[in-house]
Amino acid sequence: MAAGSLKDQKILITGAAGFTGLHACDYFVRQGCTVIAAGRNKQALESIQGVIPAVCHLENREQVDILIQESLPDYILHLAGKNSASESWKQPASYMESNVMATIYLLEALRQHCPDSRLVMVGSRLSVDPAKGAAAVPHPYSLSKTFASWSAAAWHGLYNQHIVLAEPSNLIGPGESTGFCTLLARYIAGYETGRNFPLFRISSRYESRDFLDVRDAVAAYSILLQLGTPGMTYPISSGTEHTLGELAEALLLHTQAAVPMDWGPESAPLSLDSLNKGTGGQQGTELLRALGWNSQYPLERSLADIMDYARIQAQPSSS
């Protein structure tokens, strides 16, 4: 089975000005879609080429209702939300509002105004199976994403809405991200230009994770919008894990400068984030491949593009 074209379809992308959101806007504009880019920052939204900007605070129920009532999208890619595990310890209620209540407001507005639309809810591999109990939750961010995904699945079951859940692995690629690869590439590029940054430290070089190019993830979301089975959770991953040390060494191969590094201790305990593999099951990605998805960006290409972007941003004219 292969996905068709979304040309001339109307798609709403929440969190459009974020790392994944910008890539999603670019992808669906090139597909010929009418793209409604929703987010908080009016200036950032208006800078995205080819979209219809829509300023909306998803934590505000009335604003969400107006957004959906006025746009009536055929498809919705829900990317918005807070995503810092460390910050969530300090602002747990804010994370519940942004990730849980905002999702529920969106689901309710869709139920009221365009119940036949199809939504892909992008969750997190840091979500926890509720059957494991509250003790399995590693931090408030994980709790908020668990509740958000569970709510979306419940809305499908309760109201028969067309909701598909996606659990991407660690997304990398060119653009503004707070991920490990982008931060290290920014450090390398800055060092190449003679800037003095604090020594980059890897807390656990042996920690292993799956890394996937964000552009491959967006292509997967497109397929799930069209062909995903409502109520099902689809893990999205490359299928290969790499340690943080391996990624650092691979990025350093892109420079001839003697970039200093703090490689951290020889051994360190793995974090709960690294050990958690999501709720969709280890074989879930095969269900996505059966729909026609395959990753197109090997790790080497992703890292090269990340370094190219970091070097452009490190130039004095960009600062």
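Me: Which strands does helix 5 lie across?
Reply: In this predicted model, helix 5 lies across strand 1 (10-14), strand 4 (75-78), strand 5 (118-122) and strand 6. Helix 5 runs at about 175° to strand 4. Axes are lines fitted to C-alpha atoms, for helices over the stretch in contact, and angles run from 0 to 180 degrees between N-to-C directions. Helices (H or I, at least four residues) and strands (E, at least two) are DSSP runs, numbered from the N terminus.

Me: And what about helix 8, which strands does that lie across?
Reply: Helix 8 (residues 214-227) lies across strand 1, strand 4, strand 5, strand 6 and strand 9. Its angle to strand 5 is about 140°.

Me: Before going on, what are the ground rules for numbering and confidence?
Reply: Residues are numbered from 1 along each chain as its sequence is written, and side-chain values use heavy atoms, with hydrogens and water left out. As this is a predicted model, local features need pLDDT of at least 70 and side-chain atom pairs count only at pLDDT 80 or more, while totals for chains, interfaces and linings use all residues.

Me: What is the strand order in the sheet of seven strands?
Reply: The order is 3-2-1-4-5-6-9, in an open sheet with parallel pairing. Strand 3 (52-55) and strand 9 (233-236) are the edge strands, each pairing on one side only. From one strand to the next, the twist averages 20°. Two strands pair if DSSP finds at least two bridges between them.

Me: How many bridges join strand 6 and strand 9?
Reply: Strand 6 (residues 162-168) pairs with strand 9 in the parallel sense over four bridges. Opposite leucine 165 stands threonine 233 in strand 9.

Me: What is the order in the sheet of three strands?
Reply: That open sheet has the order 7-8-10, and its pairing is mixed. Strand 7 (170-172) and strand 10 (241-243) stand at the edges with a single partner strand each, so one side of each is left without a neighbour in the sheet. Neighbouring strands of this sheet are turned by 55° against each other on average, direction ignored.

Me: In which sense do strand 7 and strand 8 pair, parallel or antiparallel?
Reply: Strand 7 and strand 8 (residues 208-213) pair in the parallel sense, over three bridges. Isoleucine 172 stands opposite aspartate 213 in strand 8.

Me: Switching to helix packing: at what angle do helix 5 and helix 6 pack?
Reply: Helix 5 (residues 92-113) and helix 6 (residues 140-159) pack at about 15°, with their axes 8 Å apart. Helix 5 is therefore roughly parallel to helix 6; angles under 35 degrees count as roughly parallel, over 145 as roughly antiparallel, 65 to 115 as roughly perpendicular and the rest as oblique. The crossing of helix 5 and helix 6 is right-handed. A crossing is right-handed if the near helix is turned clockwise from the far one by less than a right angle, and left-handed if anticlockwise.

Me: Which residues make that contact?
Reply: The helix 5 side includes Tyr95, Met96, Val100, Ile104 and Leu107, and the helix 6 side includes Tyr141, Leu143, Phe147, Ala148 and Trp155. Contact means heavy atoms within 4.5 Å. The residues of the contact of helix 5 with helix 6 divide into 14 nonpolar, four polar and three charged. Ala, Val, Leu, Ile, Met, Phe, Trp, Tyr, Cys and Pro count as nonpolar, Asp, Glu, Lys and Arg as charged, and the others, Gly among them, as polar.

Me: How does helix 7 cross helix 12?
Reply: The axes of helix 7 (residues 180-192) and helix 12 (residues 299-314) come within 8 Å and cross at roughly 50°, which means that helix 7 is oblique to helix 12. This crossing of helix 7 and helix 12 is right-handed. Among the residues that meet are Cys181, Ala185 and Ile188 in helix 7 and Leu303, Ile306 and Met307 in helix 12. The contact of helix 7 with helix 12 has nine nonpolar, two polar and three charged residues.

Me: Which residues of helix 9 meet helix 12?
Reply: Leu247, Ala250 and Leu251 in helix 9 meet Leu299, Leu303 and Met307 in helix 12. The residues of this contact of helix 9 with helix 12 are six nonpolar, no polar and no charged.
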